[in-house]
Amino acid sequence: MFHGYGGAMRLGWHRQGWLVAPVTVLALLASACASTSDEEPAPAFGGILEPDVSVPATPEVAGVDTSAGDGTAVVSWATHSDGGSPVCAAEVEVVDTADDINPIRKLFGNCVTDIGAGMHHSCALLEGGSVECWGSNNVAQLGREGDGGPVPGQVVGLDGEEKVATAITAAGIHSCALLEGGSVECWGHNDEGQLGREGDGGPVPGQVVGLDGVEKVATAITAAGIHSCALLEGGSVECWGHNDEGQLGREGDGGPVPGQVVGLDGVEKVATAITAAGWGHSCALLEGGSVECWGDNWGGQLGREGDGGPVPGQ
């Protein structure tokens, strides 16, 4: 069973297998994308199953206990194996203990393949390439109009048909998706150009300048605070957005146009993975297994002594 409580509609800790909000609990009832055996599966969102529970090929809600009366709920389920394929996507049940409302939202047929979480919002990439987000929507970071809330809703245009997402990332108050073919689109707040385009931002995903999947093909994306980065085919890294601490890996004021991180050109230094690890710094994993970081270093987060800055250092 799952038991938990969260705040501000951030909807919980994906590593713990449930999503929670004040007076509302979103429980991930079942998922088993990895196995059809009788061994304990690895549920989507990293859920935790009771030790004696086998693959929940057909989940059945056993009960919802809200008797605590404190805005939390305990959700339990019964499982059995019918010899069929495991359930790849979860059924998400929203239990509102304040109003005694119990709406059901089903996402059957889609494995959750990637997730991202920002300051007060979260997003999930579903098998097939569609993207859904939930939480706060004060600056359209959910990719749709409206007030937001605990129920996932599809990001405008990212339906897995005309536009197929292959990876997602969520930052402070903006989100981005890597699309099939290597282009990148972002939505939400754009006060520092973190969406990779000019303008006020909003709920409709728009292409990051130059990252069109033709001249520049992105293979991975990351975002944090108010900046974003992309790993390009060949191992170079480009970043855009706010640059007050050198987190874009270059000198200057930053802005919406992606620019190459100093030295990470895919020739002398080839990056294989990236992360925008905090509000003011970023890091890259290089070919061969070394790690270099750049940006703010007030707490030693770059892994070296000194003031930090735009030049990556090991």
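**Pocket lining**

I checked which element gives most to the lining of the largest pocket: strand 16, with 3 residues. Strands here are DSSP runs of E, at least two residues long, numbered from the N terminus. This is a predicted model, where local features need pLDDT of at least 70 and side-chain atom pairs pLDDT 80 or more, while totals for chains, interfaces and linings use all residues. Residue numbers start from 1 along each chain as its sequence is written, and side-chain values use heavy atoms, without hydrogens and water.

I noted the volume next: the largest pocket holds about 220 Å³. A pocket is an open set of points on a 1 Å grid over the protein atoms alone, where a 1.4 Å probe fits, with protein on both sides within 12 Å along at least five of seven lines; lining residues have an atom within 4 Å of a point. The volume is the space filled by probe spheres set on the points.

I listed the lining. It has 16 residues, and Ala117, Ala170, Ala223, Ala224 and Gly225 are the closest to the pocket centre. Strand 16 and strand 20 (271-275) are the elements that give two or more residues. By class I found 10 nonpolar, 6 polar and no charged residues. Gly counts as polar in this scheme, and Ala as nonpolar.

I followed strand 16 into its sheet. It is an open sheet of 4 strands, in the order 16-17-18-19, with antiparallel pairing. Strand 16 (218-224) and strand 19 (254-265) have a single partner strand each, so one side of each lacks a neighbour in the sheet. The twist averages 20° from one strand to the next.

I then took the pairs; two strands pair if DSSP finds at least two bridges between them. Strand 17 (residues 227-232) and strand 18 (residues 236-242) share 5 bridges. Cysteine 229 is bridged to cysteine 239, and serine 228 to tryptophan 240. The hairpin of these strands has 3 residues between them, and glycine 234 takes a positive phi near 105° there. Strand 18 also pairs with strand 19 over 5 bridges. Histidine 242 has glycine 254 as its bridge partner.

**Serine 282**

Serine 282 is buried, at 0% relative accessible area. Its side chain reaches the backbone oxygen of glutamine 247 at 3.1 Å.

Definitions and conventions. Axes fitted to C-alpha atoms, helices over the stretch in contact; angles between N-to-C directions. Buried < 20%, exposed > 50% of the residue type's maximum accessible area, 1.4 Å probe, protein only. Polar contact = N/O pair within 3.5 Å; in protein donor to acceptor, adjacent residues only side chain to side chain.
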